[in-house]
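Here are a few friendly notes to read alongside the model. Keep the 3D view open and follow the points one at a time.

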Amino acid sequence: MRDHFDVVVVGAGAAGIAALRRLTAAGVDAVALEARDRVGGRAHTITTAAGFPVDCGAGWVHSADENPLAGPIAAAGFTLDRSPPHWMKQAFNRDFSEAEQRAYRAAFNALDERLTAAAKTGVDRPASDFFEPNGRWNPLLDAFSSYYNGAEFEAVSVLDYAAYEDSGVNWRVREGYGAAVASFAALDHVITGCPVTTIHHDGAELTLDTGKGRITARAVIVCVPTPALAKGGLTFSPGLPDKAQAAAGLPLGLADKVFIGLDAPDDLPLEGHLFGHKDRTATASYHLRPFGRPYIEAFLGGACARDLEAAGAGAMADFCLQELGELLGSDVGRRLHVLGETHWAADPWALGSYSHALPGHMGDRAVLAAPVEDRIFFAGEATHATFYSTVHGAWPSGERAADEVLAALA
Ligand SMILES: Cc1cc2nc3c(=O)[nH]c(=O)nc-3n(C[C@H](O)[C@H](O)[C@H](O)COP(=O)(O)OP(=O)(O)OC[C@H]3O[C@@H](n4cnc5c(N)ncnc54)[C@H](O)[C@@H]3O)c2cc1C
């Protein structure tokens, strides 16, 4: 490996891939150092034993009509599926009558209006402060928060929650969103299996300690998830306490998936949806037969996912099999078999799923995004003010940081 590059990008997830593309297109001598043996980070598609692809991380092309990746994904030959999302309706109204679903949606909309109004006051508080006291649907609303934010509303800043922009259009990629993101990486300029541990910025040049030796650079773009900065996986010398504190204010919530194969699937609706339980927060959301494939994709978040991950391999799958068995009966239960489960909290290069701002910490996104000494730049989903927590937030953040580097080098 060469020991000097003009620009080093640390981390080759969506943000790092976007930054590297922009730099190499501008003819800059740049490299991305990636800790894992693959690119894509939290956008990661695998092929199951059943032979079809599944997204372990990002799966939805959110705000698809405004998403800067939608066009390139289609142009690269991937198949965009534009059918509406599954999560609006309970299949068979199972254990959740039409009237109850209407009441839940009304409670959801009312909470959303209170959160929007609260954000206009400019005072930051936990989003849970705006639950209806003893509201019938609060547990399920918190389950929604555990999927959407990766954390229950109590840990979510109302200002940051309201700042997220969503066009409401959600598409998917048949071959996998992760596969599409990874396909955009300029692999000739990526070194995998190369974690960066320290960035020294006390000399004329930056010096990086990496798993493959020391490298010097004129500028770096740091694209790692916030826990690496908050917990010391990646450090600076001298230290950058503002960055560590900002990263701590933007922890990664947790979302995990379980992929469950389904024999003789025809009695379950294509692209159907089920909540495991309507009365509690510790429950999964089930996507039935995505793309018409013979499986169910379970989505778990927040404390429920954290506790089940901590309980060891298989605990999450057992939880889902039990919920599905109770909902669909033992006949369907006998036809289910586990294809896999994710463990994003235990993944050392992620330590979670997507960022949310703790109450009082909305401003941390701008603090994290700010350059240091005009040679240390920061990108990643957590640095985006309005599309945080997503691939389409990570991507433009990488492009923004690359533009900052180009201006600094010029
Ligand atoms: C279960 C789940 C579901 C999701 N669903 C969606 C969805 O439907 N739609 C959506 O848009 N988003 C979704 N997301 C979020 C989305 O995946 C992320 O927001 C986005 O991929 C983050 O990109 P990033 O580049 O900021 O970070 P990452 O993808 O985490 O990239 C950071 C890279 O840095 C590397 N790294 C870490 N530490 C070091 C180090 N010390 N040295 C070198 N490299 C290092 C990592 O290995 C990683 O490759 C989901 C995520 C999860 C986990």
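1. Start with a pair of strands: β10 and β11 (residues 213–222) run antiparallel to each other, paired over five bridges. Two residues make up the hairpin that joins β10 to β11. To find your place, look for T207, which stands opposite T216 in β11. Do keep in mind that this is a predicted model.

2. Now look at the other partner of β10. Strand β9 (residues 196–200) pairs with β10 (residues 206–210), also in the antiparallel sense, over four bridges. These two strands form a hairpin as well, with five residues between them. Here I199 has L208 in β10 as its bridge partner.

3. Next, turn to helix α9, residues 302–310. Which of its residues are buried? They are G302, C304, A305, L308 and E309. An α-helix has 3.6 residues a turn, so residues three or four places apart point the same way. Viewed down the axis of α9, the buried residues fall within an arc of 160 degrees, so they line one face of the helix.

4. What do the buried residues of α9 pack against? Their neighbours are α4 (138–148), β13 (252–253), β14 (255–262), β17 (295–301) and α10 (315–328). After α9 comes G312, with a positive phi near 110 degrees.

5. Finally, zoom out. The domain assignment gives domain 1 (4–40 + 185–251 + 350–409) and domain 2 (91–146 + 153–161). Their contact takes seven residues from domain 1 and eight residues from domain 2. On the domain 1 side, four of the touching residues are nonpolar, three are polar and none is charged.

Notes:
Residues are numbered from 1 along each chain as its sequence is written. This is a predicted model: local features need pLDDT of at least 70, side-chain atom pairs count only at pLDDT 80 or more; totals for chains, interfaces and linings use all residues. Domain bounds come from an automatic or database domain assignment. Two residues are in contact if their C-beta atoms, placed from the backbone, lie within 7 Å. Ala, Val, Leu, Ile, Met, Phe, Trp, Tyr, Cys and Pro count as nonpolar, Asp, Glu, Lys and Arg as charged, and the others, Gly among them, as polar. A residue is buried if 20 or more other C-beta atoms lie within 10 Å of its own, exposed if 12 or fewer, and partly exposed in between; C-beta atoms are placed from the backbone. The arc is that of the directions from the helix axis to the C-beta atoms. Two strands pair if DSSP finds at least two bridges between them.
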